[in-house]
Amino acid sequence: MLSSQQIIIRLLLSVILSGCIGMEREKTKRPAGIRTHMLVCVGATLVMLTSSHLFKKYPNIQIDRLGAQVISGIGFLGAGTIIRQGNDVQGLTTAAGLWAVACIGLSIGSGFYLGGIAATIIVLATLVVFKKVEEYMMKRNRFLNISIVTINRPGQIGSISESIEEM
């Protein structure tokens with residue numbers, strides 16, 4: 001049986017770790033910020049703590065079932081952050097971050113501190129460092145060469161301009 005102190009430490013650690021990731025998302029004005037990340041992680045941590053508690057009380061249950069439901073269920077929350085506008089898709093990184101935070105919560109809830117802390121550092125590094133790499137690449141690829149072959153008729157240039165604007 002886990003002590004009250006261990007339970008509180010695990011829940012607080014999940015708040016701290018997910019808060020670090022959530023602050024980065026909040027700072028970059030993403031749909032899911034610090035509170036969303038904290039709530040997802042604390043919920044996932046609590047699921048693992050509950051799962052562990054139930055296993056000690058009823059040894060015949062499958063301890064992994066609740067955690068598996070978090071992993072698949074978080075997809076619904078993540079899907080709500082994904083927005084498609086034409087060919088542009090926004091919110092995928094936020095959805096992936098929520099999924100990762102849920103997994104961090106599961107690891108902390110199960111007592112796998114090293115995995116949760118290491119994953120938090122890796123997720124933060126991915127969000128911060130690769131954002132800069134992404135921006136650098138976008139600056140380098142600002143121009144796009146397009147070749148258009150068309151029939152010469154009145155209004156054709158306007159149609160082409162409209163098509164390009166939509167893209």
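**Entry 1: Phe112**

I began with Phe112, which is exposed at a relative accessible area of 51%. My cut-offs: buried is under 20% relative accessible area, exposed is over 50%, and partly exposed is in between, with a 1.4 Å probe and protein chains only. Phe112 sits in the loop between α4 (92-109) and α5 (113-140). Helices here are DSSP runs of H or I with at least four residues, strands are runs of E with at least two, and both are numbered from the N terminus. I also looked up Arg10: its C-alpha atom is 9.8 Å from that of Phe112, although 102 residues separate the two along the chain.

A note to myself on the source: this is a predicted model, where local features need pLDDT of at least 70 and side-chain atom pairs count only at pLDDT 80 or more, while totals for chains, interfaces and linings use all residues. Residues are numbered from 1 along each chain as its sequence is written, and side-chain values use heavy atoms, with hydrogens and water left out.

**Entry 2: the whole protein**

I then stepped back to the overall fold. I find six helices and two strands, and from the N terminus they run α-α-α-β-β-α-α-α. The C-alpha trace spans about 80 × 30 × 20 Å along its principal axes. The radius of gyration is 22 Å, whereas a compact globule of 167 residues would have one near 15 Å. That radius is taken over C-alpha atoms, and the globule rule is 2.2 Å times the number of residues to the power 0.38.

Of the 167 residues, 28% count as buried. Contacts (heavy atoms within 4.5 Å) came next: among those with a separation of 6 or more, 60% join residues 24 or more positions apart.

Is His37 buried or exposed? His37 counts as buried, because its relative accessibility is 0%. This residue belongs to helix α2 (residues 34-57). Leaving out residues up to four places away in sequence, I list Ser18, Ile21, Gly22, Arg25, Ala32, Gly97, Leu98 and Val101 as touching His37.

Thr120, in helix α5, is also on my buried list, since its relative accessibility is 3%. With the sequence neighbours up to four places away set aside, Thr120 touches Leu17, Ile21 and Ile104.

**Entry 3: Ile71**

Helix α3 (residues 64-79) holds Ile71. I put this residue down as partly exposed because its relative accessible area is 36%. Which residues does Ile71 contact, leaving aside its neighbours within four places in sequence? They are Trp99, Cys103 and Leu106. For Trp99 I also noted the C-alpha separation from Ile71: 7.1 Å, across 28 residues of chain.

**Entry 4: charges**

Side chains of opposite charge can pair when their charged atoms come close. How many salt bridges does a search of the whole structure find? I get one, using a side-chain nitrogen of Lys or Arg within 4 Å of a carboxyl oxygen of Asp or Glu as the test. Arg25 forms a salt bridge with Glu24, and their closest N and O atoms are 3.2 Å apart. Both partners, Arg25 and Glu24, are buried.
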